[in-house]
Amino acid sequence: MSSPAEDHSATRLHWSQIHGWFGWRDLQEEAAATFAEGSVFVEVGCYLGRSLCSLAEVVSESNREFNVVGVDFCRGSGPEGTAARDAHAAAVADGGGTLAGQLHRNIIACGYADRVHLLVSPSPAAATLFADGSLAWVHLDARHGYESVLADIDGWLPKVAPGGWLSGDDYNEQWWPGVVAAVRDRLPDAHECSTRQWRWVKPPDASR
Ligand SMILES: C[S@@+](CC[C@H](N)C(=O)[O-])C[C@H]1O[C@@H](n2cnc3c(N)ncnc32)[C@H](O)[C@@H]1O
């Protein structure tokens with residue numbers, strides 16, 4: 001039986017109605033079909049919860065048990081990309097310097113308050129809370145600058161389990177050269193997949 005927080009008769013919001021940037025639903029579905037029940041999926045960079053609530057929906061519809069963790073420091077990424085656009089500024093200003101309230105309200109309104117664990121924390125500091133090799137899938141969608149993506153990869157990679165995935169959004173040379181350069185420099189055997197996503201699969205015999 002679903003908990004009150006996942007009672008969809010009371011649901012007022014669907015993830016597709018949340019403002020944001022998200023195009024890797026196929027990876028979410030593949031993860032729910034691939035990994036063992038009880039696995040932990042982490043999404044780094046949640047903004048208002050569009051992709052996170054989609055992941056919660058995929059997990060819910062899979063009828064298999066997974067743990068869904070969202071990590072965001074809720075301050076916005078600041079100006080970034082070749083257009084130097086500050087895409088999160090309005091949401092941060094609306095919340096008086098944090099978008100955490102709106103993110104959490106959206107998770108509640110979608111009916112996933114009991115399913116999603118939200119960590120309001122900087123990345124990769126949040127990674128230190130997890131044991132090495134404990135995470136089936138970490139998806140990176142926080143700040144897209146070269147140094148930030150390098151720091152995220154370095155922080156989260158040891159946490160991925162052997163056979164698990166480290167992946168990320170906006171693998172696009174024209175708009176997000178920092179993402180592409182950081183992935184190429186750190187994970188030369190990562191592959192482009194889905195729609196402008198990159199993915200690296202940790203070798204099953206990896207010690208780190
Ligand atoms: C591109 S948005 C995420 C979009 C989201 N996946 C969606 O579905 O719309 C990037 C998010 O990363 C967060 N972020 C940026 N740098 C961060 C950092 N160092 N630690 C944690 N979160 C960060 C921002 O606050 C912002 O909410």
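User: Which strand is Trp-165 found in?
Analyst: Trp-165 lies in strand 5, residues 160-168, where strands (E, at least two residues) and helices (H or I, at least four) are DSSP runs numbered from the N terminus. This is a predicted model in which local features need pLDDT of at least 70 and side-chain atom pairs count only at pLDDT 80 or more, while totals for chains, interfaces and linings use all residues. Residues are numbered from 1 along each chain as its sequence is written, and side-chain values use heavy atoms, with hydrogens and water left out.

User: Is Trp-165 buried or exposed?
Analyst: Trp-165 counts as buried because its relative accessibility is 4%, buried being under 20% relative accessible area, exposed over 50% and partly exposed in between (1.4 Å probe, protein chains only).

User: And what does Trp-165 touch?
Analyst: Leaving aside residues up to four places away in sequence, the residues that Trp-165 touches include Leu-27, Phe-35, Trp-137 and Trp-200, contact meaning heavy atoms within 4.5 Å. Ala-136 is another of these, and its C-alpha atom is separated from that of Trp-165 by 6.3 Å.

User: Switching to helix 2, how many of its residues are buried?
Analyst: Helix 2 is mostly covered, with 10 of its 13 residues buried, among them Leu-52, Cys-53 and Val-59. The cover over these buried residues includes helix 1, strand 1 (40-44) and helix 4 (100-110).

User: Which residues of helix 1 meet helix 2?
Analyst: Arg-25, Gln-28, Glu-29 and Ala-32 of helix 1 meet a set in helix 2 that includes Ser-51, Leu-55 and Glu-61.

User: What comes just after helix 2?
Analyst: Asn-63 follows, taking a positive phi of about 60°.
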